[in-house]
Amino acid sequence: MNKKSVVVGLVGGGYASTLHGNGYKRVSGVDVRLKTIVDIDIEKAQRIADQYGFEKAVDKFDELLADEEIDVIDIVTPPALHEDMIIKALKAGKHVICEKPLSGYFGKADDQKPIGKNVSKSKMYGSVLESMDKIKKVVEESEAKFMYAENYVYCTPVQKSAELIRAKKSKILFAKGEESLKGSSSPVAGRWDMTGGGTVIRVACHPLSGILWLKQEEAKARGEEITIKSVVADVGVITDNLTEHEKRHIAAAPEDVEDIGTITITFSDGTKALIISADVCLGGTKNYIELYCNDANFVCNITPTDILNTYYLDEDGIEDISIAEMLPSKLGWNKAFVSDEVIRGYTGQLQDFMECIAFDREPQSGFDLAYDSLKVIYAAYVSAEEGRRVDY
């Protein structure tokens, strides 16, 4: 019989836990019980538990595996922990939700440090493929579901574009996507061994996955098979020539990672996609996907939007109210986030995942998308380092 209630265990008490917490609040038609959150920092876990209504906070991952009531383990930890947690959760019979990226290269015992400057990207690429294939084998052998938490798939303008593309059977001839911002709030974002790369793996993964998903929606609507043929990329560090004073507004601090990247994808049908990411975009975040089709154009403005424009001369009384992500000041004119958890896909994402578990169907964003997205990213790193096109 189909299950209409889902018991959730969440792993990780960082920023992503708040995004998922807000998403769970808005799920309808499925009874969602937020039972346990785990983080090695128990105080952090307890704060999230109190904020979103988890029944308890613990500091050991194995407690989630042993809890027979928990249906799904939602992993929002740093990516270096993903492989081990995914495999353990699936083998324990739990459904898995995993934040991006699926895996990555974070260093081996014999690597010269810092790894981003001393380990070849070809070696990283091979290691990442081995890691993903290891996870893939467990996913395929498990009866549990793997759900990839890529919010761009569920962004409202992306979902609407997909609906129209399916209806018209449009051909996407060229897709362009970007996620750029002023850097990262994470103190380890500049280290390859902690993040698996720089701006490409941190933020370009979002428009990349959104575009890969849209191409698959096109393929299904047209009865075609569309695969990735090749990848060409360029990355670099463009903040190195700035003085500390000149960098004062930028939160990028790359040690052995890139702060800008571009990826060009050629698909098997000859069409193209361009992905852009940069850690030098001031004034908030710039997130969009544009599609040039044979019979239509689409501009998916994810952030900023024009739903609400605000103007302030001071911040008295609104110090604790968020206007927009990565916005250093609320003064002057700003494009405020409205229903951000809906527009940026967090609500739709968790709605889809909870329905998949409750009613036994497959997610829109699953393992294949997670696999292809990460493979493209590390193929891009090889391309940028070796100055060549990488066949997929």
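Guide: Start at Lys-169, which sits in the loop between α8 (156–168) and β7 (172–180). Helices (H or I, at least four residues) and strands (E, at least two) are DSSP runs, numbered from the N terminus. This is a predicted model, where local features need pLDDT of at least 70, side-chain atom pairs count only at pLDDT 80 or more, and totals for chains, interfaces and linings use all residues. Residues are numbered from 1 along each chain as its sequence is written, and side-chain values use heavy atoms, with hydrogens and water left out.

Now the angle. Lys-169 is not a glycine, yet its phi is positive, about 55°. Most residues other than glycine have a negative phi, and most peptide bonds are trans. Is Lys-169 buried, partly exposed or exposed? Lys-169 counts as partly exposed, because its relative accessibility is 46%. The cut-offs are these: buried is under 20% relative accessible area, exposed is over 50%, and partly exposed is in between (1.4 Å probe, protein chains only).

Ser-339 also has a positive phi, near 50°, and is a residue other than glycine. Look for Ser-339 in the loop between β14 and α11 (340–343). With a relative accessible area of 40%, Ser-339 is partly exposed.

Next, the peptide bonds. The one from Lys-113 to Pro-114 is cis, with omega near -10°. Pro-114 belongs to the loop between β5 and α5. Another cis bond joins Thr-303 and Pro-304, with omega about -5°. Pro-304 lies in the loop between β12 (297–303) and β13.

Go back to the loop between β5 (95–99) and α5 (115–118), where Gly-107 is found. Gly-107 counts as partly exposed, at 32% relative accessibility. How far apart are the C-alpha atoms of Gly-107 and Asp-256? They are separated by 12 Å, while the two residues are 149 residues apart along the chain.

Asp-316 is in the loop between β13 (308–312) and β14 (332–336). Asp-316 counts as exposed, because its relative accessibility is 62%. Asp-352 lies in helix α12 (residues 346–359). Asp-352 is buried, with a relative accessible area of 4%. Which residues does Asp-352 touch, not counting those up to four places away in sequence? They are Tyr-154, Arg-361, Pro-363, Gln-364 and Ser-365. Contact here means heavy atoms within 4.5 Å.
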